[in-house]
Amino acid sequence: KVRKGFSMSVFGIGNPLLDISSEVQSALLEKYDLKNGNAILAEDKHLPLYAELEKEYPVSYIAGGSAQNTMRVCQWFLQKENAVTYVGSVGTDAYADTMHKEATKGGMRVFYHKDTAATGTCAVLISDGDRSLVANLSAANNYQQSHFETEEVQAALKSADVAYFAGFFLTVSPPTALALAKDCAANKRTLAINLAAPFIVQFFKDPLMDVFAYADWVFGNETEWAAFGEVQGWGSDLPTIGKKAAALPSTSGSGSRIVVITQGKEPTLVIRGDEVVAYPVIPLEPSQIVDVNGAGDSFVGGFLSELCQGKDDAHCIAAAKHAANLIIQQSGCTFPSANPGYTFAAPEAKTL
């Protein structure tokens, strides 16, 4: 439920990373002890990877990081200048300049905190139709709550119907995430969050649960929700986990919570109270899939682009699925330069 008046304005905060993306040979993954489908934080042994990738492979630079991906996709669908505002921390280097240029191409507004550390990067290694992500947070890890409290950031937040962050931000600044959550509750602004990764659920449980109480929408894939269920002691049945998560105490402005569980090729589950509705995915032939990097981020971006317009679950899901379908047919979290405009028909749904 969007509670303000549908001004088509979305606010996102997260860990901005410049994606350095390339198709690579499996030997490179083996060299750095990496696996397809994984998303990890860089250790010391991974630090030479970035220079090697730029030197040995043709690379693309994309303004990335989970929440920034989501916000870019949301902006692309809305097609309204400054409809989306994104906030995070970068350095004062050439990577930061590239990041700003790429992030604002589609009309998104960014307010970056400038840090003394180097701009964060993420190696996106595409191999066999899958990807391995290695993030070096660097400056992104140094976001300051004082920046969130600046006049320009607060003005952008005040104008937003919907605010969003992914769980990765809880590794950086839990106090900022909680301040945003409390602001949303106090000002009847919809808050959406994303579990982001199993390690967030497992090792950042306390800050996650602090903000969970304020969230109107919680997104996650089947692996992340399974980890959530394990941590909570609820077993492994996804509909049961979703119902229990939706029923946890809520202090949001709406007093309720909706859970969304994506399952790759399997139907997406939307859970309100005791009701579980399954929405089928848009089928693709394997040959049509170029790169699954950013599929989950883009799903949420498409969803929020309809949510901030007051659309119902079915239309939000239709946009989300279209966004994910579009992105996985591109290399990296990218999309065509022109958006011809879309009308999203409500997909078939089945109540479980």
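In which sense do strand 2 and strand 4 pair, and over how many bridges? Strand 2 and strand 4 (residues 60-64) pair in the antiparallel sense, over five bridges, where two strands count as paired if DSSP finds at least two bridges between them. The helices (H or I, at least four residues) and strands (E, at least two) that I mention are DSSP runs, numbered from the N terminus.

Before I go on, please keep in mind that this is a predicted model, in which local features need pLDDT of at least 70 and side-chain atom pairs count only at pLDDT 80 or more, while totals for chains, interfaces and linings use all residues. Residues are numbered from 1 along each chain as its sequence is written, and side-chain values use heavy atoms, with hydrogens and water left out.

Let me stay with strand 2 for a moment. In its pairing with strand 4, D19 has I62 as its bridge partner. Strand 2 is also joined to strand 7 (residues 121-127), and here six bridges link strands that run parallel, with S22 standing opposite L125 of strand 7. Six of the seven residues of strand 2 (residues 17-23) are buried, so this strand is largely enclosed by the rest of the structure; buried means under 20% relative accessible area, exposed means over 50%, and partly exposed is in between, with a 1.4 Å probe and protein chains only.

Now to another sheet, which is open and has 10 strands in the order 6-5-1-9-10-11-12-13-14-15, with mixed pairing. Its edge strands, each pairing on one side only, are strand 6 (109-114) and strand 15 (350-351).

Strand 9 and strand 10 run parallel and are joined by five bridges, and A166 finds its bridge partner, N194, in strand 10. Between these two strands the chain passes through helix 7, and this β-α-β crossover is right-handed, which means that, with the strands pointing away from the viewer, the path from the first strand over the helix to the second runs clockwise. Strand 10 also runs parallel to strand 11, joined by three bridges, and I193 stands opposite V218 in strand 11. V218 has a bridge partner in strand 12 as well, namely V259.

What lies across the sheet? Helix 7 (residues 174-186) lies across strand 1 (10-13), strand 9 (162-166) and strand 10 (190-194), and runs at about 155° to strand 9; such angles, from 0 to 180 degrees, are taken between N-to-C directions of lines fitted to C-alpha atoms, for helices over the stretch in contact, and contact means heavy atoms within 4.5 Å.

Helix 6 (residues 151-158) has V153, A156 and L157 as its buried residues. Seen down the helix axis, these buried residues fall within an arc of 100°, so they line one face of helix 6, the arc being that of the directions from the axis to the C-beta atoms. On the other side of helix 6, E151 and K158 are exposed. Among the elements that cover its buried residues are strand 1, strand 9 and helix 7.

I finish with helix 3 (residues 66-78), where 13 of the 13 residues are buried, so this helix is largely enclosed by the rest of the structure. Just after helix 3, Q79 takes a positive phi of about 55°.
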